[in-house]
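Visitor: Please show me the structure, and let us go through it step by step.

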Amino acid sequence: MDSTASDRFDTSRFEASRTRLASLAYRLLGSATDAEDAVQDAFLHWQAADRQRINVPEAWLTKVVTNLCLDRLRSAQARRERTAGAWLPEPLLEGDALLGPADTFEQRESVSLAVLTLMERLSPVERAVYVLREAFAYGHAEIAEILDITESASQQHLHRARRRITDARRGGGEADRASARRIVEEFLAAASSGRTDRLVALLTDDATAISDGAGGLAAKLLRFETPQRIAAVVRAGFKPTPAKRRLAGGTPAVHYAAVNGAPALLFVVGDQVIGAVTFDVAGGKIATVRGIAAPARLVRLTEAWRQHGPDTPLIAQW
């Protein structure tokens, strides 16, 4: 095989793993943009490597991408961004390749916005062990090789990660999709009509609401607790005004969607998603509401939405 043909063959081997690598990187970083950058960096490493000496390309690439992501998580810039109080995972529309693999409950949960947020409490190594084990079913011997740690250390990291996530996780199991949609539609109806009492009834006693502010302009995430406080904020936020429509760039339509496996409302102007509200449903009630409006967080979701088949909006003109 001549060098040109060999390069094409090696490139095709990398491309065969690209989606899996990007899905791994997204779980580790919580950002599709950063994940794609990490995978591209891995491709440069692949091109520069002596590929004749790489016996198992998939394992080699997994190790490279994982460690590139760990470097990003440990960087001073990442620490500043993630501790400044303004970080949220980047939401992805159902069907996005970065959400795979999604065959098991553990795989689906590992890419939920709830767990991606909770993983911020883990050390970078704990996060890597958790993702490699729960989402990609790597054995502890394989994880030890990827991270240059012992099998015993891998087991300990996994135990701590599972305990921290389980202790902080709200609710258990997966919500029935039809029930979750009904609850979210009731939430929208109550918010649109200003029925604060109905909003309170739809929220768990320890519900939390998180938002990056109108237009994603908040310097820090806005957090609201207690059902009464959340209901008041939601009622005010969901009331359309000329000023809000000017900020939105028009009159949005409100659509129901699934985002990272959870029910969501999308505010859409033309073919542009200008806001997403996602919900964690537990025990037939809403435990967490997340409002995401920062344009940078909605780029990939908007691209996916533009390819999404048209559906009937819940509200045609908000």
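Visitor: Is Ser 112 buried or exposed, and why?
Guide: This is a predicted model, in which local features need pLDDT of at least 70, side-chain atom pairs count only at pLDDT 80 or more, and totals for chains, interfaces and linings use all residues. Residues are numbered from 1 along each chain as its sequence is written, and side-chain values use heavy atoms, leaving out hydrogens and water. Buried means under 20% relative accessible area, exposed over 50%, and partly exposed in between, with a 1.4 Å probe and protein chains only. Because its relative accessibility is 10%, Ser 112 counts as buried.

Visitor: Which backbone nitrogen does the side chain of Ser 112 reach?
Guide: Ser 112 lies in the loop between α5 (105-109) and α6 (113-118), where helices are DSSP runs of H or I with at least four residues, and strands are runs of E with at least two, numbered from the N terminus. At 3.1 Å, its side chain reaches the backbone nitrogen of Val 115.

Visitor: Which residues is Ser 112 in contact with, leaving aside its neighbours within four places in sequence?
Guide: Contact means heavy atoms within 4.5 Å. Once those sequence neighbours are set aside, the partners of Ser 112 are Arg 169 and Asn 260.

Visitor: Which elements do the buried residues of α14 pack against?
Guide: Helix α14 covers residues 299-306, and its buried residues are Arg 300, Leu 301, Thr 302 and Trp 305. These buried residues pack against α2 (32-48), β3 (253-259), β4 (262-269) and β5 (272-282).

Key: A polar contact is a pair of N or O atoms within 3.5 Å; within protein, one must be able to donate a hydrogen and the other to accept it, and residues adjacent in sequence count only if both atoms are side-chain atoms.
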